[in-house]
Amino acid sequence: MSTKNFVSIYAAFLTTLLISPIVISDDATPIPADAAQLSGWFTANVKPLADRKATLDPALDAAEAGAKVIKVGKTGGEFKTITEAINSIPSGNTKRVIISLGPGEYQEKVKIERTKPFVTLYGAPSDMPTIVFGGTAAEYGTVDSATLIVESDYFVAANIIVKNSAPRPDGERKGAQAVAARISGDKSALYNCKLIGFQDTLCDDKGLHFFKDCFITGTVDFIFGNAKSLYLNTEINVIPEEGFTVITAHARQGNSEDTGYSFVHCKVTGAGKGAYLGRAWMPNPKVIFAFSDLGSAVAPEGWSDNFKPERANTAFFGEYQCKGTGANPAARAKFTKQLAPPQANEFISLAFIQGSKWLLPPPKV
């Protein structure tokens, strides 16, 4: 190649760099250890739609640009029930539909089918609506007992209470477990939501998920499934239980599965005692708690191999810079990990859930 041709090609390359937009992902920016910096970090890294077009999934960008609002309410509104509003959304929907719920209690079993992506359930933060139903595993099967079932992608919920009102399992009735919410779609976010139940409260089933400023309460396996989820500034409330009490039952079955739960700046509260942060329900669970306040409800050993010693070699249970009376590293089960910074970095940024591609701030209606 002649010098003249080389110079021309190099000049063209530089010109392309200058006129092309530079896309920088904020995914890798770590969540700060100081909780006081959390709000600023979120605002800087989860920017509104207008600032995110370069990194968002194209389908999501197009959907948000054509968003519409449907109002549901006991008095006024276009629909009286949430189910009626969902039924009005066509299959194959390509635009964001915000279902704005008036205050009060909606006694119904709600399902958003896979064919209806881009659905938002929104309630006023000052008067949060409640969706409540009493389905049990005996009647519907465990995962389909949920009061709210979401199978579609790009789901968002903000300022919603979801409750399963079935009686507390007593250890004698078969199929008494009862799910409040099952999140099975990809790229779903819940902001300032309360999920209330006993056994199996949240089926965090599959896909990439984000939970922020939420409250989740239960007794046994009350966060379970095989999703890859980031929980941020969320309260995990343990209800007192005489028997085996467990917060998470992650369902990863092999190292080839890119799934796991990361709890960052969360609080474990409640009057319960001896609760495990997680158990090896399946052979290869992956769960960590970072920068979290672990209260007295947490068992000293922290984690369980589920009475299967061989799973101590395959489970990944870790903690990073946690505090509280339930966070004593010296008492932890030997197979668990106190993470070093290089190990923790994987779990304490939006990169864990590919957030730059789909995560947007909570809606305002």
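Student: Which element gives the largest share of the lining of the largest pocket?

Tutor: Rolling a probe the size of a water molecule over the atoms shows where empty space is left. On a 1 Å grid over the protein atoms alone, a pocket is an open set of points with protein on both sides within 12 Å along at least five of seven lines, a cavity is a set of points where a 1.4 Å probe fits but cannot get out, and lining residues have an atom within 4 Å of a point. Here the largest share of the lining of the largest pocket, three residues, comes from β11; helices (H or I, at least four residues) and strands (E, at least two) are DSSP runs, numbered from the N terminus. Please keep in mind that this is a predicted model, in which local features need pLDDT of at least 70 and side-chain atom pairs count only at pLDDT 80 or more, while totals for chains, interfaces and linings use all residues. Residues are numbered from 1 along each chain as its sequence is written, and side-chain values use heavy atoms, with hydrogens and water left out.

Student: How much space lies in the largest pocket, and which residues are the closest to its centre?

Tutor: The largest pocket holds about 360 Å³ of space, a volume being the space filled by probe spheres set on grid points that are joined across faces, edges and corners. Its lining has 22 residues, and E64, L360, P361, P362 and P363 are the closest to the centre. The elements that give two or more residues to this lining are α3 (58-65) and β11 (188-191). By class, the lining of the largest pocket has 16 nonpolar, two polar and four charged residues, where Ala, Val, Leu, Ile, Met, Phe, Trp, Tyr, Cys and Pro count as nonpolar, Asp, Glu, Lys and Arg as charged, and the others, Gly among them, as polar.

Student: What lines the second largest pocket?

Tutor: The second largest pocket, with about 240 Å³ of space, is lined by 13 residues, of which A35, H265, F291, D293 and K323 lie nearest its centre. Its lining divides into four nonpolar, five polar and four charged residues.

Student: Which residues line the largest cavity?

Tutor: The largest cavity, of about 30 Å³, is lined by N164, A166, P167, P169, A176, A178, G197, F198 and Q199. This lining has six nonpolar, three polar and no charged residues.

Student: Which residues of α3 are buried, and which are exposed?

Tutor: Buried means under 20% relative accessible area, exposed over 50%, and partly exposed in between, with a 1.4 Å probe and protein chains only. In α3 the buried residues are L60, D61, A63 and E64. Seen down the axis of α3, they fall within an arc of 165 degrees, so they line one face of the helix, the arc being that of the directions from the helix axis to the C-beta atoms. P58 and A65 are exposed on the other side of α3.

Student: What do the buried residues of α2 pack against?

Tutor: Helix α2 (residues 38-45) has L38, W41, F42 and N45 as its buried residues. They cover an arc of only 95 degrees around the axis, which puts them on the same side of α2. These buried residues pack against β11, β14 (208-212) and β17 (228-232), whereas S39 and T43 are exposed on the face turned away from them.

Student: Which residues touch the most other members of the largest nonpolar core?

Tutor: In soluble globular proteins, nonpolar side chains tend to be buried together. A nonpolar core is a set of buried Ala, Val, Leu, Ile, Met, Phe, Trp, Tyr and Cys residues joined through side-chain atoms within 4.5 Å. In the largest one, of 57 residues, I99 and I223 touch the most other members. Apart from it lies another core, of 36 residues, among them W41, F42, A290 and F352.

Student: Where does F291 lie, and what is its phi?

Tutor: Most residues other than glycine have a negative phi. F291, in the loop between β23 (286-290) and β24 (293-294), has a positive phi of about 50 degrees although it is not a glycine, and at 11% relative accessibility it counts as buried. F118 also has a positive value, near 65 degrees; its place is in the loop between β4 (110-112) and β5 (119-123), where F118 is buried with a relative accessible area of 5%.

Key: Contact = heavy atoms within 4.5 Å.
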